[in-house]
Amino acid sequence: RAGAIATFTGRVRAKDGADDARTQHLEFEKYEGVADERMAALEADLEARDGVFDVELYHRTGVVEDGEDIVFVVVLAGHREEAFRTVEDGINRLKDEVPLFKKEVTVEDEFWVHDRP
């Protein structure tokens with residue numbers, strides 16, 4: 001009954017804008033135990049949707065270099081509409097609901113992203 005597999009892969013980009021300092025790497029930390037529980041609950045919630053058969057979410061921790069992959073969302077669904085919608089909701093909710101913390105290290109500075117205005 002599955003007719004679609006949709007994926008999203010998030011990567012470290014060297015620059016967000018032309019005037020930005022080049023990013024050397026990102027460093028991710030997670031709230032141990034809580035992050036894994038929330039990720040599992042999010043997968044279960046997304047899998048409960050009509051037409052969605054399986055959801056896999058994965059986010060790396062530690063140092064992730066420029067050009068490397070950070071996060072993956074994979075959805076197996078009956079049709080592309082459910083698959084695409086669930087992938088988009090999956091990455092948005094993962095970023096909003098899972099306690100992961102990102103430090104950006106550029107050629108000029110380093111900072112925790114949640115501390116910047």
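Start by selecting β1 (4-11), β2, β5 (69-77), α2 (80-97) and β6: each of these supplies at least two residues of the lining of the largest pocket. Helices (H or I, at least four residues) and strands (E, at least two) are DSSP runs numbered from the N terminus. You are looking at a predicted model, where local features need pLDDT of at least 70 and side-chain atom pairs count only at pLDDT 80 or more, while totals for chains, interfaces and linings use all residues. Residues are numbered from 1 along each chain as its sequence is written, and side-chain values use heavy atoms, with hydrogens and water left out.

Next, show the pocket lining. It has 30 residues, and L26, F28, K95, K102 and V113 lie nearest the centre of the pocket. A pocket here is an open set of points on a 1 Å grid over the protein atoms alone, with protein on both sides within 12 Å along at least five of seven lines; lining residues have an atom within 4 Å of a point. The volume is about 810 Å³, meaning the space filled by probe spheres set on the points, which are joined across faces, edges and corners; the probe is 1.4 Å.

Now colour the lining by residue class: 14 nonpolar, 5 polar and 11 charged. Ala, Val, Leu, Ile, Met, Phe, Trp, Tyr, Cys and Pro count as nonpolar, Asp, Glu, Lys and Arg as charged, and the others, Gly among them, as polar.

Then pick out β6, which gives the most to this lining, with 5 residues. β6 (residues 100-106) pairs with β2 (residues 23-30) in the antiparallel sense over 7 bridges; two strands pair if DSSP finds at least two bridges between them. Click on T23 to find its bridge partner in β6, T106.
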